[in-house]
Amino acid sequence: MSETDTNISIPTMSMNTLDEPVHVTILRDFKMIGRKLYHVIIPHGGRRATALRDWDLWGPLLLCLTLAIVLSVEAPDDDAALVFAIVFVIVWAGAAVVTLNAQLLGGTLSFFQSVCVLGYCLFPLVICAIVLLIVGEFWSNIIFRGLFTTGSFFWAAFASVGFMSGVVPPARKAIAVYPVCMFYIVISWMILIGGKRK
């Protein structure tokens, strides 16, 4: 096995992952997801650019599913399935549009690397949605909801902009970062207006 600079064990060609036990594979994937989330939680980590360049879609899929489930639970009962589908489509279609924009601007990130970065940077918004779901059962305050969602938006945008701005030419950074911020604004707005209507 070889080690990357983020201490994630990556199987080499001499090792066949089909021969290893399933729990070893799942544990390795969860460790890799945890290390990538660490670089989102602390965006100024020294190896963050290389950590998320080794793309995977498991983490973004889990974060997207969690966000869709939480927002559908918060939605009125008649709209729960619709909210789930809308969240899922907005996250993946939005990530694809932002990625395509970055590539058209001369970005050096591959499509899946960009989707990976945008997906992992949803983590602060997912945590926000979970906290608001739990707190909303006992205390509903629009000011708290707005401040917490705004803070989570800035955290997600700050984490992703650091990755995305480094992969486009300097003269085009603003044009590449704008859709990233709009992507997280739309998701933040969905979290902000979510919740069961009393």
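In this predicted model, Ser 188 touches Leu 125, Thr 149 and Phe 153 when residues up to four places away in sequence are not counted, a contact being defined by heavy atoms within 4.5 Å. Ser 188 belongs to helix α8, which covers residues 173-193; helices (H or I, at least four residues) and strands (E, at least two) are DSSP runs, numbered from the N terminus. With a relative accessible area of 6%, Ser 188 is buried, where buried means under 20% relative accessible area, exposed over 50% and partly exposed in between, with a 1.4 Å probe and protein chains only. Residues are numbered from 1 along each chain as its sequence is written, and side-chain values use heavy atoms, with hydrogens and water left out. Local features need pLDDT of at least 70 and side-chain atom pairs count only at pLDDT 80 or more, whereas totals for chains, interfaces and linings use all residues.

Leaving aside neighbours within four places in sequence, Leu 67 is in contact with Val 87, Val 91, Leu 125, Val 126, Ala 129, Ile 187 and Ile 191.

Helix α3 has 17 residues and reaches 24 Å from its first C-alpha to its last, close to the expected 24 Å, the expected span being 1.5 Å times one less than the number of residues. Among the buried residues of α3 are Gly 59, Pro 60, Leu 63, Cys 64 and Leu 67, and the buried residues of this helix pack against α1, α4, α5, α6, α7 and α8.

Taking a disulfide as a pair of cysteine sulfur atoms within 2.5 Å, the count comes to 0. Cys 121 is in no disulfide, the nearest cysteine sulfur, that of Cys 116, being 8.8 Å away. Cys 121 is buried at a relative accessible area of 0%, whereas Cys 181 is partly exposed at 23%.

The mean pLDDT of the protein chain, the predictor's confidence in each residue from 0 to 100, is 83, and 84% of its residues reach 70 or more. Over residues 1-5 the pLDDT is below 50, although this stretch has 15 contacts in the model beyond near neighbours in sequence. Where pLDDT is low, the predicted coordinates should not be read in detail.
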